[in-house]
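Thanks for making time for this one.

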Amino acid sequence: MYYIEIDFNSDEALYLQLCHQIIQGIASTQLREGDSLPSVRQLADNIGINMHTVNKAYTVLRQEGYVKVDRRKGAVVCVDTDQQRALEELRKELVVALAKSSSRGISKSQVMGLIEEIYDEYEGREQRP
């Protein structure tokens with residue numbers, strides 16, 4: 001199973017941290033289409049959080065098109081490939097992120113450099129067989 005690390009001192013909600021970690025696992029190909037995620041109870045026990053928190057994360061991931069829930073298999077990675085919808089969601093998130101960075105004096109070239117760096121991290125990872 002993909003390693004998930006939760007920061008209990010972070011201001012970010014635990015369920016969001018869990019969602020982000022799973023999405024990063026998918027982006028880095030450590031989690032692939034068809035991979036089963038641990039049961040709600042198992043994951044909650046493994047990382048020491050409440051089952052309701054894991055359930056909320058799985059619900060968000062399902063709503064956002066990253067997993068499907070199968071009664072027999074549980075949560076399974078199943079990425080929705082609707083690029084148009086994904087681009088619209090990305091645009092909404094970027095508007096806020098770029099407004100924050102602009103208001104803090106971060107330049108367009110710094111942002112573009114950061115984007116390149118992050119993409120290189122995902123594209124540079126070895127593809128799992």
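Helices here are DSSP runs of H or I with at least four residues, strands are runs of E with at least two, and both are numbered from the N terminus. Before I use them, please keep in mind that this is a predicted model, in which local features need pLDDT of at least 70 and side-chain atom pairs count only at pLDDT 80 or more, while totals for chains, interfaces and linings use all residues. Residues are numbered from 1 along each chain as its sequence is written, and side-chain values use heavy atoms, with hydrogens and water left out.

Let me start with the loop between helix H1 (14-27) and helix H2 (40-47), where Thr-29 has its place. The phi of Thr-29 is near 65 degrees, which is a positive value in a residue other than glycine. Is Thr-29 buried or exposed? Taking buried as under 20% relative accessible area, exposed as over 50% and partly exposed as in between, with a 1.4 Å probe and protein chains only, Thr-29 counts as buried because its relative accessibility is 14%. Ser-28 is found in that loop between H1 and H2 as well, and Ser-28 is buried, with a relative accessible area of 2%. Although Ser-28 and Glu-121 are 93 residues apart in sequence, their C-alpha atoms are 8.2 Å apart in space.

Now to the largest pocket, which holds about 2100 Å³ of space. Of its 39 lining residues, Ile-23, Tyr-66, Leu-90, Glu-93 and Tyr-119 are the closest to the centre. For the method, a pocket is an open set of points on a 1 Å grid over the protein atoms alone, where a 1.4 Å probe fits and protein lies on both sides within 12 Å along at least five of seven lines, and a lining residue has an atom within 4 Å of a point. Which helix gives the most to this lining? That is H4, with 14 residues, while H1, H4 and helix H5 (108-123) each supply at least two. By residue class, the lining divides into 22 nonpolar, 9 polar and 8 charged.

Arg-85 and Glu-89 both lie in helix H4, 4 residues apart, or about one turn of the helix. Through shared partners, the salt bridges join Asp-80, Arg-85 and Glu-89 into one network.

Finally, Leu-87 lies in helix H4, residues 83-103, and is exposed, with a relative accessible area of 52%. Leu-87, Leu-90, Leu-94 and Leu-98 form a nonpolar patch on the surface, with about 330 Å² of accessible area together. Patches are made of residues with over 30% relative accessible area and no salt bridge, where like charges are joined within 9 Å and nonpolar side chains (Val, Leu, Ile, Met, Phe, Trp, Tyr) within 5 Å.

Note on methods: Areas by Shrake-Rupley, 256 points an atom, 1.4 Å probe, with all protein chains shown as cover. Salt bridge = Lys/Arg side-chain N within 4 Å of Asp/Glu carboxyl O. Points joined across faces, edges and corners; volume = space filled by probe spheres on them. Nonpolar A, V, L, I, M, F, W, Y, C, P; charged D, E, K, R; others polar.
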